[in-house]
Amino acid sequence: MRDMSTYAYAVKGMTCDHCVAAVTSEVSRIEGISEVVVDLSRGTLAFTGEIPRETIADAVEEAGYELA
């Protein structure tokens, strides 16, 4: 079994729990992601999986936000 790395990015534009849910939902749909944690107070997205940054950025943009 291969170890997965955990990555974290800042997300611009999140202001409420709905924002957190939207980002979590979009990023969770990406194949290969095993865990997604969005922290509103820190404005961060963390996930486990070997996923290219541009794939994550596209999902965050689909939710209406932007990777910092």
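This is a predicted model: local features need pLDDT of at least 70, side-chain atom pairs count only at pLDDT 80 or more; totals for chains, interfaces and linings use all residues.

Residues are numbered from 1 along each chain as its sequence is written, and side-chain values use heavy atoms, with hydrogens and water left out.

**Stop 1: the negative patch**

Select Glu54, Asp58, Glu61, Glu62 and Glu66, which together form a negative surface patch. In such a patch, residues with over 30% relative accessible area and no salt bridge are joined to like charges within 9 Å; Asp and Glu count as negative. Helix H2 (residues 53-62) provides the largest share, four residues. Helices here are DSSP runs of H or I with at least four residues, and strands are E runs of at least two, numbered from the N terminus. Within helix H2, pick out Glu54. Its relative accessible area of 53% makes Glu54 exposed, since exposed means over 50%, buried under 20% and partly exposed in between (1.4 Å probe, protein chains only).

**Stop 2: Val36**

Val36 is buried, at 17% relative accessibility. Show its surroundings: leaving aside residues up to four places away in sequence, Val36 touches Thr24, Val27, Ser28, Leu45, Ala46 and Phe47, where contact means heavy atoms within 4.5 Å.

**Stop 3: Thr48**

Strand E3 (residues 44-48) contains Thr48. This residue, Thr48, is buried as well, with a relative accessible area of 12%. Beyond residues up to four places away in sequence, the contacts of Thr48 are Met4, Ser5, Thr6, Gly32, Ile33, Ser34 and Glu35.

**Stop 4: the salt bridges**

How many salt bridges does a search of the whole structure find? There are two, a salt bridge being a side-chain nitrogen of Lys or Arg within 4 Å of a carboxyl oxygen of Asp or Glu. Side chains of opposite charge can pair when their charged atoms come close.

Select Arg29 and Glu26, whose closest N and O atoms are 3.4 Å apart. Arg29 is exposed at 61% relative accessibility, whereas Glu26 is buried at 18%.

Finally, select Asp39 and Arg42, with closest N and O atoms 3.9 Å apart. Asp39 is partly exposed at 25%, and Arg42 is exposed at 68%.

Notes: Patches are made of residues with over 30% relative accessible area and no salt bridge: like charges are joined within 9 Å, nonpolar side chains (Val, Leu, Ile, Met, Phe, Trp, Tyr) within 5 Å. Accessible areas come from the Shrake-Rupley method with a 1.4 Å probe; for residues, only the protein chains shown count as cover. The place of a charge is taken as NZ of Lys, CZ of Arg, CG of Asp or CD of Glu.
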